[in-house]
Amino acid sequence: MLVHLMLELYNCAPETLNSEPLLRRVLDQYPDRVGMEKVSPVHLYDIETSNPLDAGMSGFVVIAQSHISLHAWPEYGEVDIDICSCKEFSQEDAIAFAKEVFKTDDVESHFIVRATRSLRPDEPDPKRLEAAMEARRAKKAAAEVR
């Protein structure tokens, strides 16, 4: 199973949505705020488009369970955030964090359950997990020898 929370926050201050340090911090802190494991650095891009009104910042962070992304449009006072994960998390905590950071109560949220036929179990088989961990340790040890 895969869950996908999509948030649209409106009436955000344009200076907040233009703040690269703030947007980077949001993406950096979100995984911890929703109980996820971050496995990549934050990737944040200043997007210029053919329509200057559509310019803004877009970014993401990869989590062990999938990803968290955001798209901020200062001209419209809007930021969209997606949290996609195969691990359940508190929608309420995710929404509260976004409202706190972007200082708005004007939030639209959508929650979808995806991959309902996935063969990935909620808990890994202990024998398969141990075999995978042993293979990872062997691969790491071989890389260190080189």
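1. A word on charges before anything else: Lys and Arg count as positive and Asp and Glu as negative, with His and the chain ends left out. Each charge is placed at NZ of Lys, CZ of Arg, CG of Asp or CD of Glu. On that basis, the mean positions of the 17 positive and 26 negative charges of the chain lie 12 Å apart.

2. Some ground rules. This is a predicted model, where local features need pLDDT of at least 70 and side-chain atom pairs count only at pLDDT 80 or more, while totals for chains, interfaces and linings use all residues. Residues are numbered from 1 along each chain as its sequence is written, and side-chain values use heavy atoms, without hydrogens and water.

3. Now the parts list. The chain has 4 helices and 6 strands, taken as DSSP runs numbered from the N terminus (helices are H or I, at least four residues; strands are E, at least two). Reading from the N terminus, the order is β-α-α-β-β-β-β-α-β-α.

4. The strands make an open sheet, ordered E2-E3-E4-E5-E1-E6, with antiparallel pairing; two strands pair if DSSP finds at least two bridges between them. At the edges sit E2 (43–47) and E6 (107–114), each pairing on one side only. Neighbouring strands are turned by 10 degrees against each other on average, direction ignored.

5. Let's walk through some pairs. E2 and E3 are antiparallel over 5 bridges, and Leu 44 stands opposite Gly 59 in E3. E3 also pairs with E4, antiparallel again, over 7 bridges; here Ser 58 faces His 71 in E4, and a hairpin of 2 residues links E3 to E4. E1 (residues 2–9) is joined to E6 by 8 bridges, antiparallel too, with Leu 7 opposite Ser 109 in E6.

6. Which strands do the helices cross? H2 (residues 20–33) lies across E1, E2, E3 (56–63), E4 (66–73) and E5 (78–85), at about 155 degrees to E4. H3 (residues 91–102) lies across E1, E5 and E6, at about 25 degrees to E1. Axes are lines fitted to C-alpha atoms (for helices, over the stretch in contact), and angles run from 0 to 180 degrees between N-to-C directions; contact means heavy atoms within 4.5 Å.

7. How much is covered? E3 is mostly covered, with 6 of its 8 residues buried.

8. Finally, the overall picture: the C-alpha trace spans about 50 × 40 × 25 Å along its principal axes. Among contacts between residues at least 6 apart in sequence, 60% join residues at least 24 apart.

Conventions. Buried means under 20% relative accessible area, exposed over 50%, partly exposed in between (1.4 Å probe, protein chains only).
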